[in-house]
Amino acid sequence: MILNCLKDRFRYVGFMLTMITLFTDFSSRSAITLTMIGGMVKKDCDDASDEGEFCWSEETKAAMIGAYYYGYVFQFIPATIGRKYGFNIMLRINLAISAIVQFTCPWSAALSPALAIVLQAVRGFSAGIIMPNTLDFARIWGIGSEGSAVISFMGAAIILGLNIGPTIGGLLTITFGWRYYFVINGLQYLILFIFFTTLIPSEPTEARFMSEKEKELFRKKQVMLKEVAAKEAEKRKSENNIKESSLRFALTKGYLYSFCIYMHAASFTTNASCVIMPFYMNDVQGASTKLLSYLQIVVGIVGAASAIIFKRLLPLIDRRLSWEVCRSAFLYGLLVARFAIFLLLVYTDHLYVTVVLQCLQYLGT
């Protein structure tokens, strides 16, 4: 039945693999916090009853958590290389690097914390290709409006990864031990590498398991795109259009700066909640690894529910307010509320009040 459903729709296999890649990558970013809390690192090196394996300083712990992001800051480099040599090739390289780094993390951490930190930074650097690859994949492999749908599901995969990843990592840690999370995560990357290498070529028409009927759809799409590109090239011959398509002209658009500022601020609160708050709740409020694991499921449900609620509210509010005012109110109003809640979290001593505030913060995700 599954094979019949995928007949003439082999591109859906590529879409599914792309979503799984996003989920795996974003889950691995946030899950490392709970593996460290759950047994990888000692909370108190002077406490003989502490079951943590490594005695690391606070600076080393922070570097290990942030190492991935140190490399990810330079994502424009692999993205630029991918644009020249193909995003699909760069994605395979990232998956191979991620598999090796995650598989060997238990041994590299035991050998030298500095080595483990450097390897995580290298993994973050190579992971800079994942987002550009997803957008490029949606553009190349989508037929009609499918590309837009893939980009929408991309956001869902990211949110699910950020919230379910710590749950999986935490439960694996308390059940089998912290090493198992890294081994299983490395296995995930290895399987994805094999699937992308064997099933997903750079061009859809080169896919071995795609039917001729589906390939013909992509051939027609390529012809249409060439015609559109030719028309666009004719338009760019005029000086005005060259000016409008230049980077200098784009930088005069105020809303681009506004959106960039918003995304940086929103990422700060989201990543801080996923990475920093579990340590705070464990150290200050005594939250167990199990509680923190299940909390991420609740937070994920709240985030998903808020997406459904706001999607229904937007059309109603659009009837009363302009599009720009409506979006600005939702974006920046909720962002200010999230920052306010984040500040309250620091001054909250009661564990369950913190849990409620964490959930409220994700209403605006």
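**Exercise 1.** Does Ala-67 count as buried or exposed, and at what relative accessibility?

*Solution.* The model is predicted, and local features need pLDDT of at least 70, side-chain atom pairs count only at pLDDT 80 or more, while totals for chains, interfaces and linings use all residues. Residues are numbered from 1 along each chain as its sequence is written, and side-chain values use heavy atoms, with hydrogens and water left out.

Step 1: locate the residue. Ala-67 belongs to helix 3 (residues 58-72); helices (H or I, at least four residues) are DSSP runs, numbered from the N terminus.

Step 2: apply the cut-offs. Buried means under 20% relative accessible area, exposed over 50%, and partly exposed in between (1.4 Å probe, protein chains only). Ala-67 has 0% relative accessibility and therefore counts as buried.

Step 3: Ile-117 is 50 residues from Ala-67 in sequence, yet their C-alpha atoms are 5.7 Å apart.

**Exercise 2.** Determine how helix 2 and helix 9 pack.

*Solution.* A pair of packed helices is described by the angle between their axes and the distance between the axes. Axes are lines fitted to C-alpha atoms, for helices over the stretch in contact, and angles run from 0 to 180 degrees between N-to-C directions.

Step 1: read the values. Helix 2 (residues 11-40) and helix 9 (residues 178-199) pack at about 165 degrees, with axes 10 Å apart. That angle makes helix 2 roughly antiparallel to helix 9, the class for angles over 145 degrees.

Step 2: assign the hand. The crossing of helix 2 and helix 9 is left-handed, meaning that the near helix is turned anticlockwise from the far one by less than a right angle; clockwise would be right-handed.

Step 3: classify the contact residues. The contact of helix 2 with helix 9 comprises 14 nonpolar, nine polar and one charged. Here Ala, Val, Leu, Ile, Met, Phe, Trp, Tyr, Cys and Pro count as nonpolar, Asp, Glu, Lys and Arg as charged, and the others, Gly among them, as polar.

**Exercise 3.** Describe helix 7 and its packing against helix 8.

*Solution.* Step 1: compare the span of helix 7 with expectation. Helix 7 (residues 130-141) has 12 residues and reaches 16 Å from first to last C-alpha, close to the 16 Å expected at 1.5 Å a residue; the expected span is 1.5 Å times one less than the number of residues.

Step 1: relate the two helices. The axes of helix 7 and helix 8 come within 8 Å and cross at roughly 150 degrees; the helices are therefore roughly antiparallel to each other. Their crossing is right-handed.

Step 2: examine a residue of helix 8. Ile-151 lies in helix 8 and, at 39% relative accessibility, counts as partly exposed.

**Exercise 4.** Where in helix 8 does a kink lie?

*Solution.* Step 1: find the bend. Helix 8 has a kink of about 30 degrees at Ile-164, shortly before the proline Pro-166; the bend is the angle between axes fitted to the seven residues ending at a residue and the seven starting there.

Step 1: inspect what follows. Just after helix 8, Gly-177 takes a positive phi of about 120 degrees.

Methods:
Parallel < 35°, antiparallel > 145°, perpendicular 65-115°, else oblique.
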